[in-house]
Amino acid sequence: MNCYVCNSELTKENETEEHIILNAIGGKLKSRSLICKDCNSKFGSRVDNKLAEQLNPICNLLDVKRDRGKPQNVKATYKNKEILIEPGGKMKLARAYTHEDGKVVHIESATEGQAVKALRGLKRKYPSLNTEELLENAKRKKEYLDSVSISMNFGGKETTRAICKMAVNFFIFNGGDPKYIKQLLPFILGIEEEAEVYFFYPRSELFYKNEKDILHTLLLVGDPNHRYLYVYVELFNEFKMVVYLSKEYDEEPIYESYHYNVITNQVFDYSTPVRIQRKDLKKYSTNELDIKRFQERLKSLLQRIDKITVDRRISEITNKAMEEMIKRYPQEDNPYFTEEMIAFLSERVAVEFVLSFQNRLNTP
Ligand SMILES: [Zn+2]
């Protein structure tokens, strides 16, 4: 095997692992027969960073599994306050907020560390302040926020390059002839500004998904009858792109698809092949992001994510309540469920349910 960028032979010394779909967005498929170490370090992360950054809010809400590390916190606003969303959807204040109302000073903070910092600031202003006593008397409060605003963006040159690289990776991974990707390499490398990479807005879904499935999909089709060779890329169900490798393809038919469910962390197989009609390829492809359609897709993705996180929260609550019950009523002393145990369990579950979902009941 040779590096598809510089054509040097891949050996034990210069081979490197390349994720076909970015690992930062939960991609698992990888190969050591794509590019060499040098080329990887030359354009690896530079090409991929923007896409990873743009999709980070989704990765964060879903807490997607990566080989290393976690998705980054997402900045959001809630009632004019800056908050941080941690992977999995937990939120905290980004910093301490101090309100002075006449003689009463009120500090709001996410952690004790933040509170101490804010108190130190106050002490400079009011040296007589007894900060230790104040800390000791601090009230701890859990609050569940109803709706927070986050902003999201998708597209641009760098992102298009990263999508193009995924398509090329998948094509070479499936044994594709490197002559078909030659014209795409200068674009991925940033030497050229244009390539045949399009946003795609099909009328209906190409691959049916269950209500709580979120998939990354790659589809490679070589169709000598219509003389098309393309890769269709679908990330998190809703970010859909098409990369043309050739419009004069006249060799053997090719059909390869790969589907990875980022919720179950499993590869999924669709038994029925999907082919995009030539006229539809053209009709539903655009150069520019269609803002209205993008918002519709984002909305449907966020609704799906919401269902998934509610499910996860419910199982978290019940597991935690079970653990607390077992701690309190060790199994060796309590071989059977007693009424007291059931009462304890239901109380724990009920309290957490109300805390977690009260805002849902309030919203119309
Ligand atoms: Zn190379």
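This is a predicted model: local features need pLDDT of at least 70, side-chain atom pairs count only at pLDDT 80 or more; totals for chains, interfaces and linings use all residues.
1. Ile83 stands opposite Leu93 in β5, and this pair belongs to the antiparallel pairing of β4 with strand β5 (residues 91-93), which extends over three bridges.

2. Residues are numbered from 1 along each chain as its sequence is written.

3. On its other pairing, β4 (residues 81-85) joins strand β3 (residues 74-78) in the antiparallel sense over five bridges. Thr77 stands opposite Glu82 in β4, and the bridge partner of Tyr78 in β4 is Lys81. The hairpin of β3 and β4 has two residues between the strands, with Lys79 in the turn at a positive phi of about 45°.

4. Taken together, three strands form an open sheet in the order β3-β4-β5, with antiparallel pairing. Its edge strands are β3 and β5, each of which pairs on one side only. Neighbouring strands of this sheet are turned by 40° against each other on average, with direction ignored; the axes behind such angles are lines fitted to C-alpha atoms, for helices over the stretch in contact, and in general angles run from 0 to 180 degrees between N-to-C directions.

5. A second open sheet has seven strands in the order β13-β12-β9-β10-β11-β8-β14, again with antiparallel pairing. The strands β13 (266-268) and β14 (285-286) stand at the edges, each with a single partner strand, so one side of each is left without a neighbour in the sheet.

6. The hairpin of β9 and β10 has four residues between the strands, and Arg227 in the turn has a positive phi of about 60°.

7. The strand β10 is also joined to β11 by seven bridges, and these two strands run antiparallel. The bridge partner of Leu235 in β11 is Phe239, and in the hairpin of β10 and β11, which has three residues between the strands, Phe236 takes a positive phi near 45°. Seven of the eight residues of β10 are buried, so this strand is largely enclosed by the rest of the structure; a residue is called buried if 20 or more other C-beta atoms lie within 10 Å of its own, exposed if 12 or fewer do, and partly exposed in between, with C-beta atoms placed from the backbone.

8. Helix α4 (residues 157-173) lies across β8 (197-200), β9 (215-223), β10 (228-235) and β11 (239-246), and runs at about 120° to β10. The helix is mostly covered, since 15 of its 17 residues are buried. From its first C-alpha to its last, α4 reaches 24 Å, close to the 24 Å expected at 1.5 Å a residue, where the expected span is 1.5 Å times one less than the number of residues. Just after α4, Gly175 takes a positive phi of about 80°.

9. For the chain as a whole, the secondary structure comes to eight helices and 14 strands. The chain is divided into domain 1 (18-62 + 154-286), domain 2 (74-136) and domain 3 (293-362), with bounds that come from an automatic or database domain assignment. The centres of domain 2 and domain 3, taken over C-alpha atoms, are separated by 29 Å.

10. The radius of gyration, taken over C-alpha atoms, is 26 Å for the chain, whereas a compact globule of 364 residues would have one near 21 Å; the globule rule is 2.2 Å times the number of residues to the power 0.38. Buried residues make up 26% of the 364 residues in the chain.

How values were computed. Two strands pair if DSSP finds at least two bridges between them. Two residues are in contact if their C-beta atoms, placed from the backbone, lie within 7 Å.
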